[in-house]
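These are my notebook entries on one structure. I record below what I looked up, entry by entry.

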Amino acid sequence: MKDENFLKENNARHLWHPMGHPGDAQINAPKIIKGADGAHITDIDDHRVVDAVGGLWCVNLGYSNDVVKDAIARQLYELPYYSAFAGTSNPTAIEASYAVRDFFAEDGMSRVFFTSGGSDSVETCLRLTRQYHRLRGEPTRTKFLSLKKGYHGTHFGGASVNGNNRFRIAYEPLLPGCFHLPSPYSYRNPFEQTDPSKLAQSIANAMEDEIVFQGANTIAAFIMEPIQGAGGVIVPAASFMGLMRAICHRHGILMISDEVITGFGRSGHASGARHWGVKPDMMCTAKGITSGYFPVGAALMSDAVAEVFESDTTGEGAIFHGYTYSAHPVGAAAVVACLTETLRLDTKTNAAARGTQLHQGALKLAEKYDVIGDVRGGHGLMTGIELVSDKAAKTPMDNAVMKRLHQTVYEAGTMVRLGMHNILMSPPLTITEAEIDRVLDALDTGLASL
Ligand SMILES: Cc1ncc(COP(=O)(O)O)c(C=O)c1O
């Protein structure tokens, strides 16, 4: 490894970072993380903190899972790579497809298309919904509906259904035929509705209205996160996803549940859709599927969707889509080990308990600090704290203040993530009660310093 001074001074000379300004990275050095253990990370100054971000909503098993590490290492020696494009497969990928199918069987999923990450999984689902309708003789169904504040990755399809304009504007024009409904964000919404159930109904009405306006026979799919993550941890009313499911069903529109964050136990249930008692037609997954130890994603299909492709005899059902690393054997080994560990450790139960602890702690902080406008979470280990400079006017907190807070919290022992004027937290699902207390203490220190 190059020495610390070299790393600090030259870190961004050749390295461009996702979601950052290349010029800014050369002036403000990023935190350089050199190691990790359990729920902790250590930077090159040997400062060790609790990682309340879980890498990037992904290190569900924490950083020290030897079962997953050993499985990856073994697979590297057995078969480091072989293509899964039509005509060849590998034993570990087949095993992984059973593991994923079993994990999501209760959600009605039965087929798995492996990808290299979340954006790939979203892209796969969007494309396959169009092909599904063509196969069924409805080729006019090409449009997509989604929610404002939703995050669905950065490919052109995903960015087009994305509901946060800072991920869109620089890359427009995006895909035509994508329409966005209001988010179930009760703190701010165009209906000025603070009651989550009434807001859910208002959005459902807006969805019906949009479908009538567009024509149901032009819409391929509706995509949503069961709990919006990157948009600020926006938790809808318990009725919301079911209402949207019923509308989709009524109009022949496929429902894609984007489970890239909520899948694999983060919400306190195996999947976000199951959390709300909904069975979608497709799911996009990634992140927790390997706990971030290897880049893998998976698009999942229900039996009914699969049947349309598999029963096709015209050749139109062939999937001319996929990635060099789809069903990568090393990724597949990580998937099998990770899902085995996820079940053995029952991480969803800990996620629910520790998520409640974190949420309650954040609510206590809100009683103490007026800069906290809204606290969201309480459904597993996803917590959002929205900061405002004027509580009555709900004025979003200034970016410079957010950055200062981030640094103070870090110095006090916890890494959090900023999403605009929100503090976002998604620690490993294996995090302990004492570690959550440490996260809350660090937040308290940071907020007191403002
Ligand atoms: C809900 C959701 N979908 C899709 C993605 C994109 O995943 P990736 O960054 O692995 O491409 C993310 C990433 O955070 C996500 O949160």
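**Entry 1: Backbone details**

I located Trp57 in helix H3 (residues 54-57); helices (H or I, at least four residues) and strands (E, at least two) are DSSP runs, numbered from the N terminus. The model is predicted, with local features needing pLDDT of at least 70 and side-chain atom pairs counting only at pLDDT 80 or more, while totals for chains, interfaces and linings use all residues. Residues are numbered from 1 along each chain as its sequence is written, and side-chain values use heavy atoms, with hydrogens and water left out.

I then looked up phi of Trp57, which is near 60 degrees, a positive value in a residue other than glycine. I also noted a cis peptide bond from Glu172 to Pro173, with omega near 5 degrees. Pro173 belongs to the loop between helix H7 (156-161) and strand S6 (178-181).

**Entry 2: Helix packing**

I looked up helix H8 (residues 196-214) and helix H9 (residues 240-250), which pack at about 20 degrees with axes 9 Å apart. Axes are lines fitted to C-alpha atoms, for helices over the stretch in contact, and angles run from 0 to 180 degrees between N-to-C directions. H8 and H9 are therefore roughly parallel to each other (under 35 degrees; over 145 is roughly antiparallel, 65 to 115 roughly perpendicular, the rest oblique). Their crossing is right-handed, the near helix being turned clockwise from the far one by less than a right angle; anticlockwise is left-handed.

I next found helix H6 (residues 118-135) packing on helix H11 (residues 303-310) at about 60 degrees, with axes 9 Å apart. That makes H6 oblique to H11. The crossing of H6 and H11 is left-handed.

**Entry 3: The ligand**

I listed the residues around the ligand (a heavy atom within 4 Å): Gly117, Gly118, Ser119, Tyr151, His152, Gly153, Glu225, Asp258, Val260, Ile261 and Lys287.

I looked up polar contacts (pairs of N or O atoms within 3.5 Å). A backbone N or O atom of Gly118 lies 2.9 Å from a ligand oxygen atom. A polar backbone atom of Tyr151 is 3.4 Å from a ligand nitrogen atom. For Asp258, a polar side-chain atom lies 2.8 Å from a nitrogen atom of the ligand. The protein covers 82% of the 390 Å² of accessible area that the ligand has on its own (Shrake-Rupley method, 1.4 Å probe).

Definitions and conventions: A polar contact is a pair of N or O atoms within 3.5 Å; within protein, one must be able to donate a hydrogen and the other to accept it, and residues adjacent in sequence count only if both atoms are side-chain atoms.
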